[in-house]
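Hi everyone, thanks for coming. Let me walk you through a structure that may be new to you, so please have a look at it first.

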Amino acid sequence: MIVYLIGFMGSGKSTFGRRMASRSGWKFEDLDSLIENVEGRPVRDIFKESGEDYFREVEATALRNIPEGDNIVIACGGGTPCYKDNMAFMNRAGVTVYLKHDAATLTGRLTNARKVRPLLEGMDRGEMGKYINTKLAEREEWYNKAQLIIDGLKADPGKLMDILLFRPPYDNEPGQY
Ligand code: S3P
């Protein structure tokens, strides 16, 4: 089974995903790292040198190249579900989990992490707050198609893994886990 963790930048997908995987002996991969391995350069350079459209192409390809059959948790990039029909693909190929946070929480969490995120580079805190508000509202259209929506502040990685393994089907109630 493939579990796809989705959510905005700064929602803690990688940390949460690593914890889920280590609880259950599953593999963990970060989609951005897979892309960086293929491209031989950081995501930031891919954006700068080749542009976002190119990044979205390689992102969609990397997503589809993850072998089915593995038990694996994938931390997706914040934009992954919103391009190239990726959300429909993930909902067919595995289980999607939206790690949900509100815009204010995300703005706080991203304040110190702007430099490594090409989409936020050069923004001051005010600009970033506005950007996150707008972008999150746009992106939730895709994020809300997840099979499970969980409250990022309350969620417990081990408990979520148990639910995924032992208690399907999923009923899409935010905050329940
Ligand atoms: C992006 C999020 C990033 C990375 C790229 C684009 C986005 O991943 O894929 O910078 O469009 O939100 P994280 O969510 O891991 O920061």
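Let's begin with a pair of helices: H1, residues 13-24, packs against H8, residues 157-166, with their axes 8 Å apart and an angle of about 60° between them. Before going on, please keep in mind that this is a predicted model. As for handedness, the crossing of H1 past H8 is right-handed.

Who makes the contact? On the H1 side you'll find Phe16, Arg19, Met20, Arg23 and Ser24, and H8 brings in Pro157, Gly158, Leu160, Met161, Asp162 and Leu164.

Now on to the ligand. How many residues surround the ligand? There are 14, and the closest are Lys13, Asp32, Arg56, Arg117 and Arg139. Let's zoom in on some of the atoms. Lys13 places a polar side-chain atom 2.7 Å from a ligand oxygen, and for Arg117, a polar side-chain atom sits 2.8 Å from an oxygen of the ligand. Gly79 takes part through its backbone, with an N or O atom 3.3 Å from a ligand oxygen.

Finally, let's visit both ends of helix H2, residues 31-39. At its start, a side-chain oxygen of Asp30 comes within 3.0 Å of the backbone nitrogen of Asp32, and Asp32 is one of the closest residues to the ligand. Just after H2 comes Gly40, with a positive phi of about 65°.

How values were computed: Residues are numbered from 1 along each chain as its sequence is written. This is a predicted model: local features need pLDDT of at least 70, side-chain atom pairs count only at pLDDT 80 or more; totals for chains, interfaces and linings use all residues. Side-chain values use heavy atoms; hydrogens and water are left out. Axes are lines fitted to C-alpha atoms, for helices over the stretch in contact, and angles run from 0 to 180 degrees between N-to-C directions. Helices (H or I, at least four residues) and strands (E, at least two) are DSSP runs, numbered from the N terminus. A crossing is left-handed if the near helix is turned anticlockwise from the far one by less than a right angle, and right-handed if clockwise. Contact means heavy atoms within 4.5 Å. A residue is near a molecule or strand if one of its heavy atoms lies within 4 Å of it. A polar contact is a pair of N or O atoms within 3.5 Å; within protein, one must be able to donate a hydrogen and the other to accept it, and residues adjacent in sequence count only if both atoms are side-chain atoms.
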